[in-house]
Amino acid sequence: MTAPVPARTVDLRSDTVTRPTPAMRRAMAEAEVGDDVYGEDPTVARLEAAVAQLTGKEAGLFVPTGTMGNQIALAAHTRRGVEVIAPVGAHIYEYELGSMANLAGLMPRLVPAAGGVPDPADVRAAVSPGRHQAPTGLIVLENTHNKAGGTVVPLDVARAVAEVARDAGVPLHLDGARAWNAAVALGVPLAEVCAPFDSVSLCLSKGLAAPIGSVLVGDETFLAEAHRYRKMYGGGMRQVGVLAAAGLIAVHDMVERLADDHRRARWLAEALQGVDGIAVDLHTVQTNMVYLTVADARGFVPLLEREGLLCNAMGTTAIRLVTHLDVDDDDVAFAAEAVRRAAAVRLTAA
Ligand code: TLP
């Protein structure tokens, strides 16, 4: 017997699934371009300058992905054989396929991070002086923290960790794939979220809906080194202003609407309170993600799919639902109903 085809599909797998807006497509078609490996693409230069300005940093570097932005930063800040301190669940550790070890010869040292927020005292305790151990070469935070639920790192924690980094004489990098979400949730300018960090990698292809691209920001000396690694890692691109043009729309026109994604995630989380067999910790629902805790996440995803809801299992008991530009209030209401129906099916089958 073939499974019934759902009447419609709502895709909450990630905020990366959005399509470029009509304004982005127009800007892409009309973009002024040049060979960016020669530093001759005026649209890329405008995007890099815009993100540098918005983050309060000296300069920016356009890279194809968030993973490359992070990995360039890790390599450019360190030397082989040192440790990188990061919060438990960090994307650089969980989801970048071991690149820090493979590409840059780095060892991760994870510190506890309830709700994605490490205690600065734990970070300080994790710093290695390096006489008999691998020395600490870099500290990394993630804001918002994806695996913890899209949670926001409070500014005072980021500042306290920056003090630890300063005392240890090592740089501090932010995986700011969703730093704009953090800024909107905190109600502060992006530059305030980025201020404690020596470098930040920000994604244009997540909630801001650009088809591709991240910008790595920092000071000129760091950026010169980052530029060298971008070429080494195969990220030197040519007439890439066609993509940077969409990025400019993302950073100028798509930030305010992130509040809608946050509101919808909150609505969804509240709508799912009390559904049998599903737990949603409202405390972690701070931006555009809702994590469901279920007995068997990988078994539950296909049931949701049959009800027309696409989502990802993030481990054995966690399912992630992410709101984004291409879903509206009605889609989110449909998603809540799909979860209820799938939960009922599972309970009947049990
Ligand atoms: N994350 C993806 C998956 O890899 C899990 C997603 O759907 O959320 N930092 C953070 C915090 C991220 O969440 C991601 C993407 C990245 C970096 C990497 O960005 P890309 O996919 O552009 O390499």
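Predicted model: local features only at pLDDT ≥ 70, side-chain atom pairs only at ≥ 80, totals over all residues.
**Exercise 1. A residue in a loop**

Does Ala209 count as buried or exposed, and at what relative accessibility?

*Solution.* 
- Step 1: Find Ala209 in the loop between S7 and strand S8 (214-218).
- Step 2: Recall that buried means under 20% relative accessible area.
- Step 3: Ala209 has 0% relative accessibility, so it counts as buried.
- Step 4: Turn to the backbone, where phi of Ala209 is near 75 degrees, a positive value in a residue other than glycine. For context, most residues other than glycine have a negative phi.

**Exercise 2. Another positive phi**

Locate Leu97 and decide whether it is buried or exposed.

*Solution.* 
- Step 1: Look in the loop between helix H4 (91-94) and helix H5 (99-104), where Leu97 lies.
- Step 2: Check its phi: the value is near 55 degrees, which is positive, and Leu97 is not a glycine.
- Step 3: The cut-off for exposed is over 50% relative accessible area. Leu97 has 80%, so it is exposed.

**Exercise 3. The surroundings of strand S6**

Describe how strand S6 (residues 172-176) is placed, and name the strands it pairs with.

*Solution.* 
- Step 1: Begin with burial. Five of the five residues of S6 are buried, so the strand is largely enclosed by the rest of the structure.
- Step 2: Sort the side chains by direction. Leu172, Leu174 and Gly176 point one way from S6, while His173 and Asp175 point the other way.
- Step 3: Look for the partners. Strand S5 (residues 136-142) pairs with S6 in the parallel sense over four bridges, and Glu142 stands opposite Asp175.
- Step 4: Follow the chain from S5 to S6. The path goes through helix H7 (residues 155-168), and this β-α-β crossover is right-handed.

**Exercise 4. The residues around the ligand**

*Solution.* 
- Step 1: There are 14 residues around the ligand, and Ser14, Thr67, Asp175, Arg178 and Arg320 come nearest.
- Step 2: Sort the shell by class: one residue is nonpolar, seven are polar and six are charged.
- Step 3: Ask which element gives the largest share of the shell. That is helix H3 (residues 66-77), with three residues.
- Step 4: Go through the contacts. A polar side-chain atom of Asp175 is 2.7 Å from a nitrogen atom of the ligand. An N or O atom in the side chain of His91 is 2.9 Å from an oxygen atom of the ligand, and a polar side-chain atom of Arg320 lies 2.9 Å from an oxygen atom of the ligand.
- Step 5: Finish with the cover. The ligand taken alone exposes 510 Å², and the protein buries 82% of that.

Notes
Residues numbered from 1 in each chain as written. Heavy atoms only, no water. Near = heavy atom within 4 Å. Polar contact = N/O pair within 3.5 Å; in protein donor to acceptor, adjacent residues only side chain to side chain. Areas by Shrake-Rupley, 256 points an atom, 1.4 Å probe, with all protein chains shown as cover. Helix = DSSP H or I, 4+ residues; strand = E, 2+ residues; numbered from the N terminus. Nonpolar A, V, L, I, M, F, W, Y, C, P; charged D, E, K, R; others polar. Buried < 20%, exposed > 50% of the residue type's maximum accessible area, 1.4 Å probe, protein only. Pairing = 2+ DSSP bridges. Right-handed = clockwise from strand over helix to strand, strands pointing away.
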